[in-house]
Structure formats: structure tokens, C-alpha cells
Number of protein chains: 4
Amino acid sequence: MISVSVVGASGYSGIELLKILARHPGVTIDRLFANSSAGKLLADVAPVFGKTLDIMLEPYAPDKISGSDLVFIALPSGEAMNIVPDILAAGKRVIDLGGDFRLQDTSLYERFYKRPHTAHAVLKQSVYGLPEWNAAQIKTASLVANPGCYPTSAILPLAPLLKEGIIEPAGIAVSSLSGVSGAGRSAAVEMSFGEVNESVRAYKVGTHQHIPEIKTALNAIAQTTVKLSFVPHLLPITRGIFTSSYAALKKSVNEQMVLDVYKKYYGTAPFVRYSAAALPEIKNVAYTNFIDIGFRINQEDGQLVVLSTIDNLIKGAAGQAVQNMNLMVGFNETEGIK
Amino acid sequence: MISVSVVGASGYSGIELLKILARHPGVTIDRLFANSSAGKLLADVAPVFGKTLDIMLEPYAPDKISGSDLVFIALPSGEAMNIVPDILAAGKRVIDLGGDFRLQDTSLYERFYKRPHTAHAVLKQSVYGLPEWNAAQIKTASLVANPGCYPTSAILPLAPLLKEGIIEPAGIAVSSLSGVSGAGRSAAVEMSFGEVNESVRAYKVGTHQHIPEIKTALNAIAQTTVKLSFVPHLLPITRGIFTSSYAALKKSVNEQMVLDVYKKYYGTAPFVRYSAAALPEIKNVAYTNFIDIGFRINQEDGQLVVLSTIDNLIKGAAGQAVQNMNLMVGFNETEGIK
Amino acid sequence: MISVSVVGASGYSGIELLKILARHPGVTIDRLFANSSAGKLLADVAPVFGKTLDIMLEPYAPDKISGSDLVFIALPSGEAMNIVPDILAAGKRVIDLGGDFRLQDTSLYERFYKRPHTAHAVLKQSVYGLPEWNAAQIKTASLVANPGCYPTSAILPLAPLLKEGIIEPAGIAVSSLSGVSGAGRSAAVEMSFGEVNESVRAYKVGTHQHIPEIKTALNAIAQTTVKLSFVPHLLPITRGIFTSSYAALKKSVNEQMVLDVYKKYYGTAPFVRYSAAALPEIKNVAYTNFIDIGFRINQEDGQLVVLSTIDNLIKGAAGQAVQNMNLMVGFNETEGIK
Amino acid sequence: MISVSVVGASGYSGIELLKILARHPGVTIDRLFANSSAGKLLADVAPVFGKTLDIMLEPYAPDKISGSDLVFIALPSGEAMNIVPDILAAGKRVIDLGGDFRLQDTSLYERFYKRPHTAHAVLKQSVYGLPEWNAAQIKTASLVANPGCYPTSAILPLAPLLKEGIIEPAGIAVSSLSGVSGAGRSAAVEMSFGEVNESVRAYKVGTHQHIPEIKTALNAIAQTTVKLSFVPHLLPITRGIFTSSYAALKKSVNEQMVLDVYKKYYGTAPFVRYSAAALPEIKNVAYTNFIDIGFRINQEDGQLVVLSTIDNLIKGAAGQAVQNMNLMVGFNETEGIK
């Protein structure tokens, strides 16, 4: 039984995290921190918790987490680096759902997040929390940087293919479609129902902060230098990501060879489902911690198409965070999320 | 003033066509033909026409079009080739919104449409009805094959770039997102609201009948052999297509050079809007005959991303059909659709 | 040919109005006024107008409307009363799409709009712009108060039944469902896609400013005092209103008797469609100026249910405004909106 | 630990039931039965269960349930009465999620379900499974008729008000809005995305089979004869019901009096949340077994408006079924559903 607190409990990721933690048999929720909602009951901010989770939201302060074994940070990127050093110094373990500790190269951080990185020292301790590739380090980490939603959806299907030399590392196209919850709760006109509904738009083409995260992770896994274009699209759905990746075949392959590659790396991964027949759909992964992967070989044009789906709030955020917690604490990897 | 009839008037494309024709100042609607809805008033099948268009739907018969100058066919692919030869023989001009007369190579037709082509003779007379490229031939054509929705959204942004040698013809990725109306009115479970809503799925990856149409048109325009993968995705919206195309840069370019290419081919095209700044959104073209084109140059990875949006029922079907009619008859190209 | 200007051209109602005016054969658009968007091209604010309507948005000033015959006001309620007196004094006719001139009883205005009314003098000149009931006065009015969207959807189906003594004036329930565009373009969190999608909520129950408008209009038409509860619900759709009204039967009726009542008042109304068989659906009136009315008699429980649908931006706002303009100017009532 | 089987496991209600049963700590799933999907793996029919629930769907046969303590029936109404008598005769307890055993008055069943009732004998044993009112009988029942989704949403808010004489039993209006999953998985054109999206329609006005269920339950609880009109509306959302009920006040009341009435009957009910301040929203109950109730008193017009929301698949079907099972078996009422 471990005791956890959540900083940033009232955003979409925080709320999703609380839903999971509330039914996790190995967890007690210690304290919940929020900014603008501090001083309110959680159930007043998120009425779904009425009669379920009766906790007050508090302003965060370092001395309030003394009773916690582990602290989840679900703040907007840029805010975690202000508080994580002290939490670590207090001997607490941390899982950060934001982007502050995902990129070891701070010049990339500064270029894409458009702000200086102010916590270089603890950044070096950070482990990229992709359990299918980094489980060993996650288990002993004090600071886990939970991956971004788009990167999770893109790295998992592409990494084995690159590592095994199935596809060329250059000329990759990653086309990702996301529900609005990826952007967090927002008061912007362009996120209003009237502007989003019955439309699709691409955004941050070439400048999205997940681009260096995807490249860095793929380069590290495959020991190569990928060249890719990533286009995130905003869809009129609440949750879910559908990512279509296109790459040049490096050698002639058939379906079984691709399946074998996925089996080699994900054969025992509890949350990766892959198939040569079925294509993924968002509805099959919504409200779950699974990633579904499908593919089609285009022999005629020498290309491979890989399709993948996740729930951006679960496998792309809160679920993967709990998967990381399970590994860190020594619980069964699937506890509370299957 | 010309007199037109519509065969297949009660499907989504047929209804959209009637909305346009009803307010077109140069057109009188002669007769409307339908299969299962024959014998009913149009307004009983499509109540939106109540108090607006008071016409009976009839079963089609060759002698019924004697008073028409031009016949629109809005039938499922495979049905037009059974009736078009006779209509042409009767001296009527034809615009077919389906796929039967788009591919001159019947082996491609038979491979992708999975049926034999039974009207080779008239196929040879057919002109591919993409006004931005084939206006001269359309003006004198007796049979115009109105382009498919996905091809319209992909050919228009890519053709100038290929023709001018901006992008490589191999390794292209075309990721298209479509609303459900592209599939026509359907009773299939997988098209039901409960299955489509809050989800995304890809379908017919590598086998979609629009693949040879896109390749054939691009090859013809650019005098090359493109190699591409095309993935159509079904979105929970009613109308609109968003197409993201990714290609390797053949030479170093800047924004102005790309703009200049588009200006060269579409500078006077009334329904093409392009921009180096704004990215297209479906809502900006919904219910219009426009295609919006935007792009981003990824110098670092040597790629170009081109984004385009159309209303699949207008520029991707009924609106483009009227644009073709306007050219054939000698009306102003924008009459009734702007 | 008349010349018109629009104040508040960049909101949802203003944009819809411009779409109609742009294709109206009797209208030239003089000038467009906006607040926060002033100084921008209309097409930059609403890209749908690209290559269609090339006009600059200006800050409003009284001297700028000297070339206009008629001025449409599409401002939030409370702003029109600041400028309408001067426009009328300049001899221009005005159609106000907001709520400032709909209630002759300023105590009701002040109670429901929660602000003092500051233009009592011109309020007295104002005519309630419901063409099906007030056409004669509208024709000669200098100031027309265009009805609210909910009131249009509720008054038209109920008024004949009350006037003819079919239903009791007390105990009426009006349950209205609206798309988000009724609230205008909004940056509020509670109007964001993530909060509205896959949900329904009621709002302003008992306090909505359309309650006195509905009651006042019904009382005036039926010479009675209605007692009713009105509940507006926000739905995850962009446009359209569905109103279900429930009332006690005052006498025993059959379908034909109800049809006869509607025929008596709306038999020649160009935009009212009613039926004893078909029930209305939003999709049948979307993007049109029609109201569809259906009903069911519940003999067993002594009640009548009346259902009605409109497009809130057309018959509930911009379309009805043009219908009023047509009457005021002497055009055919349906010009530009059918 | 009890062993349960599900007949009709592959419909929307069956799938939702399996999600709950799979994580219920006191339940083992014995066998799953389906019609058209028999012979397939559950995960092939509902991929969401991949790597989670690995069970084959079988055709139902009486001898296959010998190892089950309790059988859930999630078949379309009309099918349960063919098999329930034999299951009861075999000594198994049954929870039927369909409508066959909800109405003790078979003439009402035959009028609204439009078929003869063929299991009168077991019908008499049936208990109406509304735990908030019938818990004592449910605990010992062999056959529980799980309430309909609309009735659950309407009976719970209205029953206390009628029983305590707050509202008049005549002249009630019940306006219900439902997501499409209430209609089950469907291949009908009118349930296709293109027809449902961006629209609303009412259906079965005055003829819906839930009308006698609502009236019967309210009459039994309040010992009166209610007179009401019920209009179900289909919304473009997947799950959830929003019900607005309007009634005449029988006496003058204030908020506290209404709250006291709800407290009297639901003060200890684990799944009923009520408030005088907050109004219910579907998103607050989605994916939960809660019903949220809110209200507004309209003193001026002598009416009370009561609003309520449920998830039609949980509190309106599968969740309430498990709540009933918990009571029947002696588990904590909230086990597996909170």
C-alpha cells in the first residue's frame, strides 16, 4: 500500500488519474493540489466524483507532501520544473505527466517549448517512462517523465521496425489525429464546440513540442537518425489518438515478418495489441490502457503503413503513469489499469 | 437555359446536386430518377425539399429523358455503365458522378472496382472532369467523368508540385480524413452512429478504388510515375475531407517558390484558394465549392507537407459536377456555385 | 436594389446574415462593422468568405452609414440600444437581431436582461418581427425587433392553438434543445468542445430572457395569460433548435381539427410546414428558413404535444431578419432565402 | 463468489455488463451466449476485450447453464420470455434487462410491445428491479425485471414528489433525450451517422413501450393515477439520458421542502445524487451508476421542473442489473459499480 498525492488534480489528465487511483487496490490518495480550483471540493469541480471521492483541493506547498510516498505532477509543461527538485530532495519519487523532463537535450527543450529549462540537475536523473522499452530503469527511477500522448502512439509502432531495419529512417510521415482532451480544459475560442465540431484542422505543423520527443526516442532505440514530418490534427471527438505512419521499406517483407518483429519486442507486453488482419479503431482502446497496432504492406510502391490507436488520457497520460508507478513500486504492471 | 435530369436523385450526392440545380439561374430540372424511392415525392424522401422542389421520383427509362439536354448520373459505381451508352446514343450529354468512366485503363478498373468494365466504347469518349486541368476538353465533351472526392482533394495540391519538380514522385504519403457522407446513405452497422461516433478508423488501405485514380491523374499531369500510399480514414463528421500529403523535397525551396507554383496553375482558378500562412480547415470549405490548400516546408528533414480541404459533397461531387456543366454549356464557370 | 450595412458582422449571426445578403439579388452590401475584429478583412476573420466577399471590417461610427438604406444590428443584447436611436434619427430603417427592442414592458426587460433599458423612446416604435403574425406592421416599421431563436420555435406552433382555444393557457411545458451557435462565438470553458460534446445540460431554467418574450407574444396573439415553464437545453450540435411543447387539451380534438387550425393561420405562410404524420427533425430545416411543426394528440391523458424545429441561425436569426427586410422593402417575402 | 452467464452478450448492454462483471470481485463469468455472433471469440466481436476477456460466444442451450448461479438476459424484448421459464425451472435466478417481465398487466404489454405475452406464469414471480424502492423484494426474488432506461430516469425523480403530494398527478410532461446506444446496435439507415449527426428527432410519441412502465411504477409507488405525456428524443451522442419533467405544484413549496422529500427517500441510496443548486449534466453520470437529480420551482406559474440524468447503459441497464445482483446475492450494493 502506497500513499500518493497529485499536483494539478483538476485538469483532464489529473481527473483521469484520480479515477484510476481511486480504484487501485494498492493506493491511498493522500492530498490533491490545484491552482485556480484550490479551496474547493474535488466533487464541486468535477461532479463525476460526487459520493465517490470526498477530498478538498489545496494549493500546493512543499511541506504538504510529507505523508506521500510518490507524487504525480499533472501540470502544464513548464510548471513542474519549479517544484520537482524540492520534491525529489524531500526523498519522494515523482512521475511527471508533463513535458519538462522528457528531453535530455535542453537546447531542444528550449527550441520547442520556447522557454529556458531551469532544472538541469534533476533532469539528468529523469527516466523516459515508456514501460515497453525502459522498464528496468523505470523500476529504480526517482523521477519518471511520462511520455507525451502523440509520442506514445508513434514510438511504439515505429521503434521495432526501425530497430530491425524493416523501414528506412528517412522520409517517414507521421499523421496523428487527436481528440480535444489532449489540449486540456480550455477557454480558447478555437477550442469551443462551435469551432471544433464538424471540422478538422492541423496545428503546430513542424513546431509541435512532441516532434523532438518522437525523434529522440526513436533515435535512441534504433541507434539511427530518423527524418520525419509530424502533423497533429484536431478532431471533433473528446478522447483518443489515431496515428498513421508511412515509411519506405528497407527490404522486402511479408506480413509474418512484420508480426514477428512486433512479437519479438511486445510479445509479453501487457498493453500492446497488434494484428496483421484487423486495423485499429479508437473505440477499441477508448477508456483502456491499450495501444492497438495494425499495418499494411504496399509492395508496389515500396512502402509500409503502420496504424496505431490509444486513449490519449489513459495510455497517453494517466494510465501509462499508473503503469509506471506499478513498475516503480513493484506492483503487478497491470494493477488497477486492466 | 438548359434542361437537365438526374438519375439517382435520392442519394446524398443526388440531393446535394438538386439543392444546387434548384437555385441555378440557367437550369430547369426536367425529371428525377431513383430506384427504391421511385414513386415517391422527392420531399417525402428528403423533407428538406418540402415547399421548395415539388417533383416525383420515377424509375429510370431511356425514353423519359427525351426532353433533357444533359443528364447527371449519381448512381453507385457499376450502375452508370449500364445506361450511359444509350443516353449518349440519344444525343444527350452526360456527367457521371460515379467511378465508371474515370479510368481509361480497364484493367485498373477491374482490379480496384472488382467487376468487369462493360462499356469500353464510350469510356474512350470520356473526359476526366477536373476543371482546373482539363477545362478545354470538358467544354466539348459529351461524357464527363466527375472526379472522386479523395482524388479531387489530393490531385489539386500535388499536381503542380510534381509538374514543377518541387517534390519527388516516389515515397509520397497521402493521409485523407473523410466525413461519412462520402460513403453514401447506408444501412450498415459499421456506419451507424454508435459505431462511428467518438472513433476513427482507416479502411480499404491499399485497396481503395481512388488509388489508381489519383496515380493516373498525377502521372498524366506531371509526366512521371508516382509511388504513393493512400490511407482513407472515416471521421465522425457528416461532410468534408481533410487531406495531408507528405513528400520528399526534390530541391531546396522557400515559401514564395511554392506559392509561385500554385499561382502559375491556379492563379485564375475560381475555386482554388491557397496560402503560405493559413492552414486549411474543413469548416472554411463546408457547403462551398472551394478547395483550400496550405503547406509547410520541413527543411531539416527534407520534406514538404501539403494540406487541403474540400466539402466532399460539393467540390468532391455535386458542386464540381455543376462546375463541369457550366463549362460544357458555356455558362460562367461559377454560376450557381458561388 | 437597396444598400445595407451590418453592425456586428463577425459573430455567428452576422456571418450567417452576410451569406444570405451576398446572394440576395436585391441587396448591395454597403459597410460592415465589428468591434474586436475591426481593421481586418472579413475573409481573415471568417475564411469561408475568401474569394467571395472582399470587404474590410470597420469600427462603427454614425457617419459611416449615410449610404445605407437599412442597417442590420447583430450585436449582443444591451449594445443595440446605444446606437439605434441615432440611426433612426438619421432616417435609416433598422432590423435588430438582439433582444433590446422585443419587450415593450421595460420592467420585464430589466428583470430578465439585468440592466436598465436606456432607449424607451425608440422602443415604442419597435415592431416585433414575426412575419407570420405581424406582416402589416413590419412593412411600414422603421425599427423591427427580430424575434429570438427559442421564441420563434415556440410561439409559431403554440399561438394558433391558444388563439383557437384548443389548449389551456395554463400548465404549458416548453422544452427546447439548441445547438451551441445560439450562444454565439464563445471563449468560455463551459462552451469548449470537451465540456459540450457527449453531454447535455439545461441552463437558465426559469431565468432565461426568452421567457418573457414567449409569454408576451402568446398573450398578445391569444388575448390570454399563459402560464408556462421553459427549459433550454444545450446540445452537442452546431445549429438547430428542437422544441417540444406540452399542453392540456381544452376540448376534444382530432388530427384534422388541429391541421385546420394551422391551415387557417399558416396556409399561405411561405416558411411554415406542418404535418399530422411526419414529425419534425432538425436536419430537415438546417440551413433553411423553414419551421417544421408536427404534433400528437394524447387523448388518454388529455394532452397535446407539439414539436417544432428551426435553424436557430436562419429562421431563428439571419433568415428571419431578411424575411423582415423583404417585407419592409417590398421585395417578395422569400427573396434570397428560399 | 458466484458464477454467472449472460444470454445476449454481444449487444451494447451485454458488452457493458461484461465490462462490469469482469472487474467485479465476487463474480466469475461462466458462459456467454449470442445469436448471430455465436462461434466467435468475444474479442473478435468486441475488440475492446482483446487481452482482457478470452471467452467464446456460444449459441444458447438450456443445458449449458448448469454451472451458473445466476443468468443475465440481455436480449431484445420478446425473446426472454421464450427461455426464462426453463431457466427458473432449473433453479437458476434470472435478471432480465429487457421488457418482458416489467408489466404485470399483460394487456398493457400486448398493446405497447405489439405481441402476445407467452409466459404469464413466471411473470407473476417477477420483481421490478428498482433498488431504491423495491430492495426488500429484490433480495429474495428469483426473477428480476431490470427497469428500462427512460423509466429509471423518470420514476426516480418523480416518485417521491408524487408520494408526498408535492405535485399534481395529472398534466405531467416528461421530455427525455437519449443517446443512440439505447436503441442497441443497429443497421437501420435512420440510425446511421449521416442521419443522426447534427440533428434531433422525436420518435414513438405516445406509443413508446416505456410509457406504461413509467405510469405503472409511479401509480404503484404514489397510490395514484398519473396522467402524463412522454416524448423520447434521439440525440447525436452515444450514451446518456437527460430527462426534463414538468408538473403542476399541488402546494406551495420552497427548495428545502423539495430537498427534504428527496432526502427522505434517497438519503441513504448509494447511487442517487440530488441538489437544489447544481443542475444535472450527462457528462457527470456517464460511465457511472449514478442518477443526478436537480430541480427548479416556478412559483409564478405554479409549476415544478425536475431534471435528471443517467448513463442509459449503466444505471439504465447493466449497472442497475449488477446493483440488483448485488442485492440478490447479498453483496454490498455498490460492489463492482462504484
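Both faces of strand β1 of chain D are covered: I2(D), V4(D) and V6(D) on one side, and S3(D), S5(D) and V7(D) on the other, are all buried (under 20% relative accessible area, 1.4 Å probe, protein chains only). The model is predicted, with local features needing pLDDT of at least 70, side-chain atom pairs counting only at pLDDT 80 or more, and totals for chains, interfaces and linings using all residues. Residues are numbered from 1 along each chain as its sequence is written, chains are lettered from A in the order in which they are written, and side-chain values use heavy atoms, without hydrogens and water.

**Strand β1 of chain D**

- β1(D) spans residues 2–7, and six of its six residues are buried; strands are DSSP runs (E, at least two residues), numbered from the N terminus.
- In a regular strand the side chains alternate between the two faces of the sheet.
- β1(D) runs parallel to strand β2 (residues 27–33) of chain D, and five bridges join the two; strands pair if DSSP finds at least two bridges between them.
- Opposite V6(D) stands L32(D) of β2(D).

**Interface of chain A and chain D**

- Contact (heavy atoms within 4.5 Å) links 18 residues of chain A with 18 residues of chain D.
- The two chains bury about 1,400 Å² between them, 49% of it on carbon and sulfur atoms; buried area is the accessible area (1.4 Å probe) lost on being put together, summed over both parts.
- V48(A), K51(A) and R273(A) supply 36% of the area that chain A buries against chain D, more than any other three residues.

Notes. Buried means under 20% relative accessible area, exposed over 50%, partly exposed in between (1.4 Å probe, protein chains only). Helices (H or I, at least four residues) and strands (E, at least two) are DSSP runs, numbered from the N terminus.
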